[in-house]
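Let's take a walk through this model together, one region at a time.

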Amino acid sequence: MNFCSQCGEKVRFAVPEGDDRPRYLCDACGTIHYQNPRIVAGTLPVQGDKVLLCKRAISPRKGYWTLPAGYMENAETTREAGLRETREEAQAEVEIESLYTLIDLPHINQVYMIFLAGLEGEFGAGEESLEVALFGEQDIPWDELAFPTIERTLKHFFEDRKSGRFPLHMSTVTPEDRERYFGSA
């Protein structure tokens with residue numbers, strides 16, 4: 001950030017008085033520009049013993065498989081964001097059961113919130129998907145998953161399915177976890 005979005009003057013990067021981390025500050029109008037993590041909301045659509053995955057038609061990780069998920073929009077709840085992303089990417093309707101994974105990615109300022117959901121009816125590839133398909137555990141393309149958050153969510157699901165209990169899983173993806181997918185940047 002170079003200029004204040006309130007008054008257009010140059011900003012500086014410093015720790016404001018009474019704060020504990022650097023922010024962009026505008027000395028001209030006094031605005032402190034807070035930058036906060038982005039929320040990625042989506043669903044883990046389940047039909048019988050299979051899960052619905054989407055092959056990405058967009059970067060990053062175009063051509064890799066993911067769950068229907070994306071950035072939350074202003075003025076919507078996390079549930080609404082998960083439902084919208086599922087409609088957009090998989091042309092599918094789901095019934096959300098519960099929040100299933102909450103995964104922090106502090107090194108890229110994101111939080112993933114994936115809801116466990118029952119798949120209702122038909123599905124198809126939306127504009128952001130090359131294809132959409134149901135996969136049983138033995139058919140998951142583990143080496144072609146787009147993100148560590150997706151791998152982690154799927155592993156939790158197939159392990160939890162053995163007991164029939166699906167608790168909330170909270171975890172953190174480290175830069176090392178992410179490096180397995182993207183390499184060192």
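Strands here are DSSP runs of E with at least two residues, helices are runs of H or I with at least four, and both are numbered from the N terminus; two strands pair if DSSP finds at least two bridges between them. As a reminder, strands of a sheet pair through backbone hydrogen bonds, either parallel or antiparallel.

A word on ground rules: this is a predicted model, where local features need pLDDT of at least 70 and side-chain atom pairs count only at pLDDT 80 or more, while totals for chains, interfaces and linings use all residues. Residues are numbered from 1 along each chain as its sequence is written, and side-chain values use heavy atoms, with hydrogens and water left out.

Now zoom out. The protein chain has three helices and eleven strands, running β-β-β-β-β-β-β-α-β-β-β-α-β-α from the N terminus on. Its C-alpha atoms fill a box of roughly 60 × 30 × 30 Å along the principal axes. Of the 185 residues, 44% are buried, meaning under 20% relative accessible area with a 1.4 Å probe on protein chains only; exposed is over 50%, and partly exposed is in between.

Next, head inside. A nonpolar core is a set of buried Ala, Val, Leu, Ile, Met, Phe, Trp, Tyr and Cys residues joined through side-chain atoms within 4.5 Å. In the largest one, with 26 residues, Leu44, Val51, Leu53, Ile140, Leu145, Leu154 and Phe157 touch the most other members. Two or more residues each come from β4 (38-47), β5 (50-56), β8 (93-105), β9 (110-120), β10 (129-135) and α2 (148-163), and α2 gives the most, with four. Apart from this core lies another of ten residues, including Cys54, Ala90, Ala92 and Ala117.

What does Leu145 touch? Leaving out residues up to four places away in sequence, its partners include Leu53, Tyr64, Trp65, Ile140 and Leu154, along with Arg61 and Glu151. Contact means heavy atoms within 4.5 Å.

Stay with α2 and find Thr149, which sits in that helix. Thr149 counts as buried because its relative accessible area is 2%. Beyond its sequence neighbours up to four places away, Thr149 touches Ile103, Leu105, Tyr112 and Val173.

Val173 leads us on to Pro106, which touches Thr172 and Val173, again not counting residues up to four places away. Pro106 lies in the loop between β8 and β9, and its C-alpha atom is 7.9 Å from that of Val173, 67 residues apart along the chain. Is Pro106 buried or exposed? Its relative accessibility is 54%, so Pro106 counts as exposed.

Finally, look at the lining of the largest pocket, which divides into twelve nonpolar, five polar and five charged residues. In this count Ala, Val, Leu, Ile, Met, Phe, Trp, Tyr, Cys and Pro are nonpolar, Asp, Glu, Lys and Arg charged, and the others, Gly among them, polar. β7 supplies the largest share of the lining, three residues.
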